[in-house]
Amino acid sequence: MKPFAQPETNLLNRPFVLPNGVELPNRLAKAAMSEALGTYDNHATSKIVELYRRWAKSGIGLMFTGNVMIDRKALGEPGNIVIEDESDLPILKQWANAAREEGVSLWVQLNHPGKQSPKGLNQFNLAPSAIPFRQDMAAFFLTPREATEAEIQDIIQRFGRSAAICKKAGFGGVQIHGAHGYLISQFLSPHHNQRTDQWGGSAENRRRFVMAVYAEIRRQVGPEFPVGIKLNSADFQKGGFTEEESIVTIQSLAAAGIDLIEISGGTYEAPAMSGVVEQTKKVSSSNREAYFLSFAEKVRAQVKTPLMVTGGFRSYAGMNSALQSGALDIVGLARLLAIDPDAPKALLNGQDCNYQVRPISTGIKAIDKMGIMEILWYSRQLKRISEGGNPRPNESGLWAFLASIIKSMWGTNRTRRLRA
Ligand SMILES: Cc1cc2nc3c(=O)[nH]c(=O)nc-3n(C[C@H](O)[C@H](O)[C@H](O)COP(=O)(O)O)c2cc1C
């Protein structure tokens, strides 16, 4: 990739006003990263508060929490935080305040994992249809059960209730996790959703679930509270959700009044969000570091809703060049902030960061091609920051993987025992 020209003006510093009047001081956003810092019975902890306080002090303009689950029966990892009633309001208020005190808006990402939940964590996993995982992943993930109509209605209602609790706790907004192969993304996908009722079949029917989730959240939080979505440009999976369908979904959400759309891509089976599938190489070789920039350009031509693009941003010049293209309003950063939590300070000052994101490898091919492997490595860095320490950007991939697997097995066991 050719180096980017040094920008004449730092566009990252420009404030941005969302259509509902919410003002962001600059164009940098911390994208969702699952922290797994909840207790094993899924309550928020002071560690999560401290992690976000550290990021909030970096000068970043907007932050999204890692995915927070809407149903205790449907976890994606041990240590997920669940918001399904008001019992945790005091700690949730502290979490929201840690950002607000620094003038940063913190939005909670709400999620239901559907089938993407490791074996043994939940009593059962639900999905639109009972489609098994790819053969080499089937050892880690159960084939889900098809959700009933009553279960679908319950989940929609839960998204709304969790969002209302987030509003009450003082968060700046919520983001629906509609990407990366979780439940909403499963409903959108012709591969994962083979239902023959109103929720499956035609593209319009497969979109019905995400539209219902958005409508219910809006009903419960009112017209002013910011509601966004993270959506796949495509699943990068044979028979999956395509760019064409993604654009129509975005148009429908825009027409329904969504405040911000974050673009990503991929699933556990094809982790394009971390840049590890063939299609993304095509994007980055066209002198762009962001994986989904070309798609954002197509979206920009169709809708006026503010756009954030996440995936692959690394350099001061690359981020400026993307903003200069006019395809997006907000630059989303994830891994960079896990190894360099103060990176926004440098970027807003017109400099590059202290550390560079590098591929994380265990040296074992079969493990490295699973997106989950990187997530485990980065989660360890988040834990260090949450304890008042600093990340270890040079930590061994293999060591981190083994330690995380042991912790995850122990956590799964603890979660089940606490639920029993
Ligand atoms: C440790 C870790 C956890 C993640 N958890 C989430 C999550 O909860 N929700 C989400 O939408 N994306 C999640 N992601 C994906 C990131 O938001 C982002 O899309 C991806 O890392 C690409 O951006 P980057 O190149 O800036 O890292 C996670 C990524 C990492 C590294």
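**Close-up views of a predicted chain**

View A. In helix α9, the buried residues are Tyr316, Ala317, Gly318, Met319, Asn320, Ala322 and Leu323. A residue is called buried when its relative accessible area is under 20%, exposed when that area is over 50%, and partly exposed in between (1.4 Å probe, protein chains only). Helices (H or I, at least four residues) and strands (E, at least two) are DSSP runs, numbered from the N terminus. The model is a predicted one, in which local features need pLDDT of at least 70 and side-chain atom pairs count only at pLDDT 80 or more, while totals for chains, interfaces and linings use all residues. Residues are numbered from 1 along each chain as its sequence is written, and side-chain values use heavy atoms, with hydrogens and water left out. Helix α9 covers residues 316–324 and is mostly covered, with seven of its nine residues buried. The cover over these buried residues includes β3, α8 (293–300), β12 (330–333), α10 (335–339) and α11 (343–348). Just after α9, Gly326 has a positive phi of about 80°.

**View B. The whole chain, for orientation.** The chain holds 14 helices and twelve strands. Its radius of gyration is 20 Å, close to the 22 Å that the globule rule gives for 420 residues, so the chain is as compact as a globular protein of that length. This radius is taken over C-alpha atoms, and the globule rule is 2.2 Å times the number of residues to the power 0.38. The C-alpha trace spans about 55 × 45 × 45 Å along its principal axes. Of the 420 residues, 60% are buried. Among contacts (heavy atoms within 4.5 Å) between residues at least 6 apart in sequence, 70% join residues at least 24 apart.

**View C. Strand β4 and its parallel neighbours.** Strand β4 (residues 62–69) has eight of its eight residues buried, so this strand is largely enclosed by the rest of the structure. Two strands are taken to pair if DSSP finds at least two bridges between them. Strand β3 (residues 28–30) runs parallel to β4 and is joined to it by two bridges; Leu62 is the bridge partner of Ala29 in β4. Strand β5 (residues 105–111) also pairs with β4 in the parallel sense, over six bridges. Here Met69 stands opposite Asn111 of β5.

View D. Three bridges pair β12 with β3 in the parallel sense, and Gly332 is the bridge partner of Ala29 in β12. Strand β11 (residues 307–310) is parallel to β12 as well, joined by three bridges. In this pairing Val309 stands opposite Val331.

**View E. Trp55 in helix α1.** Trp55 belongs to helix α1 (residues 46–56). Its relative accessible area is 1%, which makes Trp55 a buried residue. Leaving aside residues up to four places away in sequence, Trp55 touches Lys30, Met33, Ile60, Met63, Leu337, Pro341 and Leu382. Trp55 and Ala99 are 44 residues apart in sequence, and their C-alpha atoms are 8.3 Å apart in space.

View F. His112 is placed in the loop between β5 and β6 (126–127). With a relative accessibility of 2%, His112 counts as buried. The residues that His112 touches, not counting those up to four places away in sequence, are Met69, Ile70, Ala74, Ile155, Phe159, Tyr182 and Leu183. His112 and Met69 are 43 residues apart in sequence, with 5.8 Å from C-alpha to C-alpha.

View G. Most residues other than glycine have a negative phi. Ala36 has a positive phi of about 50° although it is not a glycine. The loop between β3 and α1 contains Ala36, whose relative accessible area of 19% places Ala36 among the buried residues. Asn42 lies in the loop between β3 and α1, and its phi is near 70°, a positive value in a residue other than glycine. Asn42 is buried too, at 3% relative accessibility.
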